Amino acid sequence: MNKPILGAPDGEAWDTGAGSLGEVDRYTAVGKSPERVDALKLALGKGTYADDVALEGMLHLKLLWSPHAHARIVSIDTREAEKEPGVRCILHHGNVARIPYTTAGQGHPEPSPYDTFIFDKKVRFVGDRVACVAADSPEAAARAVAKLRVVYEVLPAVLDPQQALLPGAPVIHDEPEATGLPGFDKARNIAAAMDVDHGDVEAAFARAELVLERAYSVPYQAHCALEPHSAVTWLDEDDRLVVRVATQVPFHSRRILARILEVPVQRIRVVKPRIGGGFGGKQEILLEDLPALVTLRTRRPARLVLTRAEEIVSSRLRHPQLLRWKSGVMKDGRLVAQELEVLANTGAYGAHALTVQTCTAGKTLPLYRAEAYRFRMKTVYTNLPVAGAFRGYGGPQGFVALESHMDELAGMLGMDPIEFRRRNVVGPGDENALAQALGEGKEGPPQRFRSCAMQECIDRGMAAIDWARRPTLPRTGTVRRGMGMSCLMHGSGIPGVDMGSARVKLNEDGSFNLHVGATDIGTGSDTILSQIAAETLAVPVGKIVIYSSDTDHTPFDTGAYASSTTYITGVSVKKACEGARRQLEDAAAEMWRHRGDACDRAALFVKDGAVCRPDGERLSYADICLSTFYTHDQHQIMDHGSHMSFECPPPFAAHFAEVEVDTETGGVKVLKYVAATDCGVAIHPKSCEGQTEGGCVQAMGYALSEDLTFDAAGRTLTDGFRHYKQFSSLDLPEFQTILVPSFEPSGPYGAKSVSEIPADGPGPTLLNAIADAIGIRIRELPITPEKVRRAWLAKQAEEARS
Amino acid sequence: MKIELKLNGKDVAWDCAPHEFLTEALRRHGLLGTKRGCESGDCGACSVLLDGEEVPSCLVLAAQAAGHEVTTIEGLGDFAGPHPLQKAFVDHTAIQCGFCTPGMVIAAKALLDVEPRPSEHAVRECLAGHPCRCTGYVKPIQAVLAVAATNAGGEAR
Amino acid sequence: MYLALERYSRPSTVHECLELLHAQGGRAALLSGGTDLHARADEALTHVIDLQALPLAEVRASGDSLRLGARVTLARLRREPALARPELAALREAAGAYAVVALQNRATLGGRIMVDRGTEDVPTALAALGAELALARRVDGQIVTEREPYPVGQRARAALEGALVCAVVLPLGTGKSALRRFGRTAVDQPLASVAAASRAGAIHLAANVQGPGAADLRTLPRTGALASAWLADRPADWRAQARVALLGELAAFEDPWASGDYRRDLSATLGVRALAAVFGEPEIV
């Protein structure tokens, strides 16, 4: 399993999982939707989140944020602030260590540029850190922040990524310490760059009978996890630093904190409590460094919780991109060449600057077979808020371009858009053409697809939305209707990088403690991993007591990102439980032998919480545990497992939408949305539906209503929920989720990922539906009513002229 | 200043500063089910019942609640006896990260108390003040409708 | 959010309330529903005067008018039987369109009037419906009550400073009214909204988020006069005519959420639709 895989050994059939689907019927815990292990306490409102502790003597932190898009800090005068009663500690660039790092919570070494300091002498966007005050109360801290006197030397700012590349543009990272991977060029404001050719691109375009090239634009998006970034820190009785933080990446947090705080890893314990949503925004070492520093300096507990405005302005956002897609196609509808050029805006710092953009290509280009592919990418710095990881991780941007383009190509060829896609889309056994070129900051392992139910996703989705109605929809008058669709794929973990681990131990009532490094941020992974354990150990899910992610008490996990927890950590749980199962069988065999009733060890099996013999004799886990604890052959039945995969099986999906466009207001109403997804075996189908529904609705906001707006000075104008408009329950269309079965041989019990792929679909699906309704192709998100109305009026004027 | 109110059925008297919002006062007294999500009334995470009506406790000064009846999520049910809405959210997998859940449950209770068999539109309207990035609302709506369906037209529980 | 409040008062009479307000000068604010209190997080505000104990929550119909106390919540406006009349539909719609349920439960009629900066639907409806305000003021140590026409525009609104809105008085009759608004999502401050009302043989219109250089509530008398002639009988192209009239009377207000010309165009569409609702014609053709 742990070797890079491209093809099957000679003579062996490539396992696409098709033969294993029947196994699913025999599962007892997997494929069911039991009550989620944490649901009741959350429904009752139990205090389980990072900010739900109040410690004796706790200090409250407030930050001073930059009012300028680009400025040098000439001086910070803290004297007045220090006089504010209750102020205990003020941090700024003059009194903290200057160590370059990246806030991106990625594996080591991080493929993001080291361009960030805890505090710097320069500020690079409105909302950048300037200083931090810790005081006895939040009110005192806020009053003291208002009394900090900072003199700035304001520098010219650049807010547009194209202008940031021009000679003479302000250089945002002129500090000598900033470094990055090849392609990083701080003098030109380039945080990351990549050029990839696969096959003979020039020849393929030359051969193509038709070539289409179009430009697309996608904006920032704010995560809007309802729980703000929060951290509480303290020194424990052994004088070790404890960090209770809302994070998706506790182990990365510990590693990066150790480096920037100059404290050994062994002196830090990062505890992940319940997380109130992450979506990538908490895959970032965003704020825990500050309370940690305050605690180290004052020896008092410290707390920092961002406000909603700080969340939107000063945490992280989805990368805006300008995309240019060019494709060459034969008149019979065969794609021969695909070319994608991306100019991404990472804002003031380069968190995830390389890898989000490589995923823009990696998730999209290989979806359709072609003879040659080209990818050109630059991620540039600007003096705007910082982009980072966000559910979909480049996919939602890329699919806006790809799937709009596929519709346009079909139109140019006079082909049905679905037929055109079916003709070119990859299937089981196909190679992922770009897997090696687009690794995580290095060459990736080669990939071939195993499970792939894309064609059935299309079939099921078409039936659910009744695609046959499409030609009959009303397309005259003020209010018009249309239908659109898109095909999608994503990934499951980062191949060759992501690693998860688990430990399981038996208790004397036959229950098991399951310790995982994985982080449930609301996805349901605690439940899903418990189901995998229950399935492997042949016990009900209720017999598994899961504890997730505390760097002192659980084994390592890279974290909750890259759609990896089920696929990667799930296998580690399965391995640990298989080990424990073997130990249970060994112990049972020994118990029987000790009683003079020796049995055939090889014939033993587990069922219903007991080790069983073919003759019907059985020993319950409780009995085995009691015996091994206290009586005979004394030992703890316990095992651990680790898993890393060189494979990255994509989930596939087909999304369909019906929309209504009011040509007078420009308003777009989503009437019906269908998401048909092949995520392999759905471990917890209701949770897979929930991920799909949540991901799609989040992306409908990205497509239609969410609009981060800045003034000319780079200030964010939409810094609250009143103006940054997410979809509400009243905006939700009639929604249908379809889980299309497949079996992924490399996944736990046949599973692949499901959590990110829904975010990829609504953008292009709604663009295509709008084009169908009003005959206007919009190539820019968000699809604001004003854009639709303007395009409509322009079309009317055009038609009147001709 | 001294604030007397009826909290989850019990009379309490709290010392509160004039500027203290009800959210803060509740959390300071250990009622952590009332969350802070925006502190501007736009997210619903801090919703409580004030004399039976859903209100954003982040916009109600604790002093304003003096002399009134406040019900928080903790007042609805516990491990031994969860409220039917709490049970329904669990049963319908309507909880993902759970941060919005108490607010949604409070909103739904306020609705069902006056309208035991609401339409789907009424349920959507009652949840519209509760932006949720996890669930996409599908399953929370189902959960509330499921409880409504068990209300035989009489009084909501 | 941290308010620097040092004092909270809950007066039980209008007199006491206005005395407190007077005594505190600019450092005190009246607190009704509190939905916009977070926007007052400035040091200058040290004292809030909570209106909840004042007897201002009555709803009373008397002959040809309806008196709504300033403390009536928007939630109550939505379900109040006394408002279930075709001529008051615009007010019901405005109340129902405000934010979300929890905020409708808190927001009051008087509060919406006092915080309006041309962005509120309730005042837009009130202006079209010909509402009057019952005000109490402290003049030379005495409490004076008076009735004034609904204040339209910045100057008229500024005259409310220091006064307490006690009630809104609405004329009752046989007409119809409608408010049409448009936001990006179902829960959004509108990009624009327009209210239309027929009353005593005439049409009255009001629009918000309009005005040269600044958002403000305005009435649209020229379109109103034109539309009044169509109450009994309308030309086939009345929509086109109304649109032209509206575009001529609406100024273009631009902000980060919409350009001026789009917003004017949108307001014209909403105006035509509101008129159609009043005429009983299809709104979308």
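Reply: Let's start with chain C, which is assigned three domains: domain 1 (7–50), domain 2 (59–171) and domain 3 (190–279). Those bounds come from an automatic or database domain assignment. Before going further: this is a predicted model, where local features need pLDDT of at least 70 and side-chain atom pairs count only at pLDDT 80 or more, while totals for chains, interfaces and linings use all residues. As for bookkeeping, residues are numbered from 1 along each chain as its sequence is written, chains are lettered from A and ligands numbered from 1 in the order in which they are written, and side-chain values use heavy atoms, with hydrogens and water left out.

Now the join between domains 2 and 3 of chain C. Taken over C-alpha atoms, the centres of domain 2 of chain C and domain 3 of chain C are 21 Å apart. In the contact, 20 residues of domain 2 of chain C meet 18 residues of domain 3 of chain C, where contact means heavy atoms within 4.5 Å. The two domains bury about 1300 Å² between them, and carbon and sulfur atoms give 60% of that. Buried area here is the accessible area (1.4 Å probe) that two parts lose on being put together, summed over both. Gly118(C), Thr124(C) and Ala128(C) supply 38% of what domain 2 of chain C buries against domain 3 of chain C, more than any other three residues.

Stepping out of chain C, we get to chain A. Here 27 residues of chain A touch 26 residues of chain C, burying about 2300 Å² with 55% of it on carbon and sulfur atoms. Thr665(A), Arg722(A) and Glu786(A) supply 25% of the area that chain A buries against chain C, more than any other three residues. There are 4 salt bridges between chain A and chain C, plus 11 residue pairs in polar contact. Arg790(A) and Asp261(C) form a salt bridge at 2.8 Å, N to O.

Arg722(A) turns up again on the chain B side, in a 2.8 Å (N to O) salt bridge with Asp42(B). The contact of these two chains takes 55 residues from chain A and 43 from chain B, and about 4000 Å² is buried, 58% of it on carbon and sulfur atoms. In chain A, the residues losing the most area to chain B are Leu44(A), Leu226(A) and Ser729(A), together 18% of what that side buries. Between chain A and chain B the counts are 7 salt bridges and 26 residue pairs in polar contact.

Domain 1 of chain B and domain 2 of chain B have 0 salt bridges between them and 3 residue pairs in polar contact.

Back in chain A, the assignment gives domain 1 (59–155 + 229–305), domain 2 (321–494 + 647–801) and domain 3 (499–644). Domain 1 of chain A and domain 2 of chain A have centres 36 Å apart, over C-alpha atoms, and bury about 1600 Å², of which carbon and sulfur atoms give 52%. Pro111(A), Phe125(A) and Phe279(A) supply 32% of the area that domain 1 of chain A buries there, more than any other three residues. This pair of domains in chain A has 0 salt bridges but 12 residue pairs in polar contact.

Methods
A salt bridge is a side-chain nitrogen of Lys or Arg within 4 Å of a carboxyl oxygen of Asp or Glu. A polar contact is a pair of N or O atoms within 3.5 Å; within protein, one must be able to donate a hydrogen and the other to accept it, and residues adjacent in sequence count only if both atoms are side-chain atoms.
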